[in-house]
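Could you walk me through this structure, one feature at a time?

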Amino acid sequence: MIGTNLPPLTDFWTMPAAQREWLLLAAIAETHAWHYPRNVAYRRMAESRGVGARLERQDLARVLRPTAQTFKSYVGTVGAFPQERPVAFLQWLSDQLSIELPRDRWKRFRPRYSTLEKLLQDFERIYEDFGFEVTTSSGTSGRATIMVRDRPTVDLAVECFVQATLGVWGVGSAHNAIFMMPRQTRIAMARTARFGAERLGMQQAGRAHFTIPFPADPDRVRIRTGRTFRPGWQGAFERRIGHPFARWMDERVVQPRAVNQTIALLQKARQQRTPILLFGSLVQLHALSQELRRRGSGEGSGQPGNPMILPAGSLVGTGGGLKHQYPYTPEEIRHDLQAVLALEDGQPIPIRDVMGMAEANWAAPQCEAGNYHFPPWVYVVALNDDDEILDGADVIGLLAFFDPLGGGSLFPSFFKTTDQIRLRNSTGHSDAQLRCPCGRDTPYIVEGTIQRVDLWDEAGCAGQL
């Protein structure tokens with residue numbers, strides 16, 4: 001079984017960098033050897049680049065696949081709408097996974113589905129004994145990344161969310177969590193947040209709240225964004241009726257309800273003196289700040305114009321970036337948030353971002369110094385323009401990662417992204433003088449250096465719900 005020789009994840013935070021590198025390189029080689037004979041798409045790619053069943057260190061960069069294409073490649077073989085060709089979709093999926101999907105069950109699928117959501121629901125039901133959880137990217141291009149997870153890999157994502165993101169932010173079971181996202185969705189970040197709240201006991205104790213009142217399945221997100229429509233009369237209906245109605249609902253119903261419920265929950269937390277984790281996209285949080293300002297910037301907190309005072313330990317988390325044209329910059333949005341929300345000592349509420357993507361079974365949260373820290377069990381590198389791994393403890397290039405545990409038995413999680421970053425203390429190049437001021441001895445992205453280098457697709461998971 002993959003990863004059986006690795007220590008518990010908690011041990012990675014304290015082990016020396018050299019030991020961590022050695023363990024991860026061995027696990028990467030083991031992961032490659034296991035998936036190579038079983039995964040058609042991965043083996044085809046590796047062979048085309050001259051890599052065989054044994055992975056040598058000098059060949060690491062050759063087995064990286066682009067995040068923006070790998071689990072969206074169904075578009076080129078099946079079409080943008082897998083629900084119209086379920087069997088072809090299953091064939092594509094079989095090539096992407098390292099486990100066998102019993103083909104005698106394919107006849108139980110319908111010849112055609114009205115929505116992608118219904119196809120994915122049937123896939124999970126028909127292969128229920130595999131414990132599959134299908135997640136997607138936010139799909140702002142209209143063509144969502146489709147990721148198949150199982151119970152072990154979902155548990156890993158949740159553990160990473162609890163240990164890395166919430167741990168770095170200092171959030172625990174004593175907090176109330178307010179997520180400005182839907183409870184019912186396949187979008188990876190929202191699902192992980194829900195499961196993470198359950199893991200910490202927040203859900204059971206009534207301390208986790210999801211304030212977007214309607215489900216966000218892939219079809220609803222696609223139609224609302226208005227960039228990809230189905231062919232024929234269905235597409236005409238989506239374009240002329242579905243899209244305008246979805247935008248109207250979002251602006252007049254969904255967002256106002258989410259904002260009003262969030263404000264009510266913030267006020268309740270103030271009364272109970274319970275620290276808050278408030279998490280959402282920049283656009284959603286900006287709508288909240290604008291409504292708080294309209295109400296006097298701190299309703300129930302004192303004189304009009306004063307910020308709403310929240311208990312010590314509260315913070316705001318953001319994710320997903322800005323995924324469409326928006327008249328305000330991230331810096332302006334954060335300024336507006338801190339103008340209406342503050343802590344008991346009078347300081348503006350801390351705002352921490354998190355970097356993630358549907359293909360990654362991890363997220364990199366900002367620490368108190370503003371830098372983005374990777375979980376120490378992920379081997380992180382930067383690539384130059386020739387797709388070669390850059391040497392050095394302080395480099396600028398395309399982010400790439402090898403996560404020997406992230407794909408479990410389903411696929412090797414070795415990906416190159418479309419994010420250019422400044423990476424310090426990448427795995428194998430630790431320099432004590434470049435350690436983050438927060439003190440954490442992990443690879444990190446320097447604050448303010450994440451740049452999208454092309455328009456292949458969205459990177460985050462939380463920006464469009």
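This is a predicted model: local features need pLDDT of at least 70, side-chain atom pairs count only at pLDDT 80 or more; totals for chains, interfaces and linings use all residues.

Q: How many residues of α11 are buried?
A: Buried means under 20% relative accessible area, exposed means over 50%, and partly exposed is in between (1.4 Å probe, protein chains only). In α11, ten of the 13 residues are buried, and the helix is mostly covered. Among them are Leu282, Val283, His286 and Leu292.

Q: What is the order of the strands in the open sheet?
A: Two strands pair if DSSP finds at least two bridges between them. This open sheet has six strands with mixed pairing, and they come in the order β5-β4-β6-β8-β10-β11. The edges are β5 (208-212) and β11 (363-365); each has a single partner strand, so one side of each is left without a neighbour in the sheet.

Q: How are neighbouring strands turned, and which strands does α11 lie across?
A: Axes are lines fitted to C-alpha atoms, for helices over the stretch in contact, and angles run from 0 to 180 degrees between N-to-C directions. Neighbouring strands of this sheet are turned by 20° against each other on average, with direction ignored. Contact means heavy atoms within 4.5 Å. Helix α11 lies across β4 (176-182), β5, β6 and β8, and runs at about 120° to β6. Helix α7 (residues 151-169) lies across β6 (276-280), β8, β10 and β11, running at about 10° to β11.

Q: In which sense do β8 and β10 pair?
A: Strand β8 (residues 315-319) and strand β10 (residues 351-356) pair in the parallel sense, over four bridges. Valine 316 stands opposite isoleucine 351 in β10. Four bridges also join β4 to β5, which run parallel, and there proline 182 stands opposite isoleucine 212 in β5. For an antiparallel case, look at strand β2 (residues 133-136), which four bridges join to β3.

Q: Which faces of β5 are covered?
A: Both faces are: Ala208, Phe210 and Ile212 are buried on one side, and His209 and Thr211 on the other. Five of the five residues of β5 are buried, so this strand is largely enclosed by the rest of the structure. Strand β3 (residues 146-149) also has both faces covered, with Ile146 and Val148 on one side and Met147 and Arg149 on the other.

Q: How many aromatic pairs does the structure hold?
A: Rings of Phe, Tyr and Trp (its six-membered ring) pair if their centres lie within 6.5 Å; planes under 30 degrees apart count as stacked, over 60 as edge-to-face and the rest as tilted. The structure holds 22 aromatic pairs. One of them joins tyrosine 74 and tryptophan 92, edge-to-face at 5.5 Å centre to centre, with 75° between the planes. Tyrosine 74 lies in helix α4 (residues 74-77) and tryptophan 92 in helix α5 (residues 86-96), so the pair ties together parts 18 residues apart in sequence. Both tyrosine 74 and tryptophan 92 are buried.

Q: Where does valine 154 sit, and what does it touch?
A: Valine 154 is in helix α7. Its relative accessibility is 8%, so valine 154 counts as buried. Leaving out residues up to four places away in sequence, valine 154 touches Glu133, Arg149 and Phe195.

Note on methods. Residues are numbered from 1 along each chain as its sequence is written. Side-chain values use heavy atoms; hydrogens and water are left out. Helices (H or I, at least four residues) and strands (E, at least two) are DSSP runs, numbered from the N terminus.
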